[in-house]
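Notebook open, model loaded. I jot down what I looked up, in the order I got to it.

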Amino acid sequence: MKDPLYSFENFLYLVWKHLRLPDPTPVQYDIARFLEDHSNSRICIEAFRGVGKSWVTSAYVLWELYRNPELKIMVVSASKNRADNFTTFTLQLINDIPQLRHLMPTPKQRQSRVEFDVGPAKPDQTPSVFSRGIDSQLTGGRADIIVSDDVEVMNNSMTVERRDLLQEKLKEYSAILKPFNEMVHNEGFQPRIVYLGTPQTEDSIYNKLPETFVKRIWPALVPTKEEVVGYGNDLAPMIQAQFASEQYGEPTDPDRFDADELIDRRAEYGAAGFQLQFMLNTSLSDEERYPLKVKNLVVAEVPPKEAPMDVYWMPNPDRQLKDLPNLAMGGDNFYSAAGFAPTFSKYQQKILAIDPSGRGADETGYAVLFQLNGYIWCPEAGGLQGGYDDATLETLAMIAKKHDVDTVVYESNFGDGMFGKLLEPILLKHHRCGIEEVRNHQMKEMRIIDVLEPVISNHRLIVAPSVIQGDYDSAQKFEGEMRRVKTLVFQMTRICRERGALRKDDRIDVLAIGVGFFVEVMNQDAEKKEAKERNNRLLKELLAHKKTSLSQSWKKRNRKKWV
């Protein structure tokens, strides 16, 4: 009689009962069926955050060893500690589950949180299970199964350069994987590479796996008709069945996360973050959805007093600035100016834009902006911890003095102008300039894009390299994902026309406030110029008409005289 534990679904149920967990959920069982199917030697499992895919895969490693103790399995994670935890958990299950006790290492075999042998295994240079961090030396051992468990995390996928390095590292898997050996491998078994992951960026490495990989995706909600296109043919069969039965927007695994829980997660992660972490939808980086691109900026040093009347932009490869930290999406790079007009002039206006905090974990965002001939120059921008406290106000006043601004512009959607009243006396102490309050009632995301897109797309915003570097450096004091989320470049390249698209928007919002102020002034100047030109045309027409009338009158009088 066939051992019932040779079915991975039964094996998973056993492990879950031992861990005193509820029965495996429908999605967990569906992942188990995909793992059990050995018809594919290269597979990738993308499942929403919190579904328990690492636990399922730990059970899968044990199931493979239960059926064939001679297998060698390498576990790779983003950090060595996480990979070791996977190995430790797997060994603990062997020790604790009675049906697996025969797999316990003997006193003469290896047994640690880094690597271990299973009891029935023959002596070999390679342990039965061993763990590696993706940044460590991967080569040196061979494996029948490579489990790549969440190798893409925020730290190693934050920039284009880091994602490229990670991809190069992953190519080593093919050299480590053993070929099929009928003396060791059971009939129907294929040596395999198994990726488990949740995309961290729109330019995820999981989107760049070779075509030999079979990918299955389990999002937290059944996609809508509009969203389903972005998954191609990669949706798991059970999700496809839910979509076919028109369960659009319903939880795919309500036993794990019900609708109310997912509403809370959406609020916590923001619309864009939820699409990545829970909907696993990385096909949202098109021009229309994310219209603000760093490639359309002009990166150049900002002169303090006067600037060229024209700035030229050309995204040639030789002008790409590879030394600047780039948190934009793949293929979106910084470029230096292609040239400048020879004519220089003093800036027409210099401002310090401020978006006061005073609420929760938001920063007080600020941006220094100069305007000349329709170009906007940004020598400094960033965020300050604090809002209405004296230290923050003093810092802002000193920034205004440093750049000799003409006007301080602040948003006053909260506090009824209180921020301006507190800042004004401190500002007078350090630097005398105007102070203006602006209010915005339009949906924030729409307003920011409407203001910035025409300016950035037409290469009218010039940013100092120190702004980009300082923006990145200042966010490194935060933990985890917030190191990306808090930066101006991340906010700029991830904002879209959806309410709540960003978890944090302090820095991009204040840039839009300052640029919006200049756009309003430039529009007013254009209207005044147009009115002046219209008056001049009317005056010329009147003068021409008067001159014609006088000439005709003179001729008439003189004709009578000579007759």
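Ground rules first. This is a predicted model, so I kept to local features with pLDDT of at least 70 and side-chain atom pairs at pLDDT 80 or more, while totals for chains, interfaces and linings use all residues. Residues are numbered from 1 along each chain as its sequence is written, and side-chain values use heavy atoms, leaving out hydrogens and water.

**Helix 1.** I looked up helix 1, residues 8–18 (helices are DSSP runs of H or I, at least four residues, and strands runs of E, at least two, numbered from the N terminus). Phe 8, Phe 11, Leu 12, Leu 14, Val 15 and Trp 16 are buried there, meaning under 20% relative accessible area with a 1.4 Å probe, protein chains only. Their cover includes helix 2 (26–36), helix 3 (53–67) and helix 4 (80–96), counted by contact, i.e. heavy atoms within 4.5 Å. Just past helix 1, I found Arg 20 with a positive phi of about 60°.

**Asn 326.** Where does Asn 326 sit? I found it in the loop between strand 10 (311–312) and strand 11 (339–340). Asn 326 counts as buried because its relative accessibility is 2%. Its side chain reaches the backbone oxygen of Asp 332 at 2.8 Å, and a polar atom of that side chain lies 2.9 Å from the backbone nitrogen of Ala 328.

**Helices 10 and 11.** Last, I checked helix 10 (390–402) against helix 11 (418–430): they pack at about 50°, axes 9 Å apart. Axes here are lines fitted to C-alpha atoms over the stretch in contact, with angles from 0 to 180 degrees between N-to-C directions.

Methods:
Buried < 20%, exposed > 50% of the residue type's maximum accessible area, 1.4 Å probe, protein only. Polar contact = N/O pair within 3.5 Å; in protein donor to acceptor, adjacent residues only side chain to side chain.
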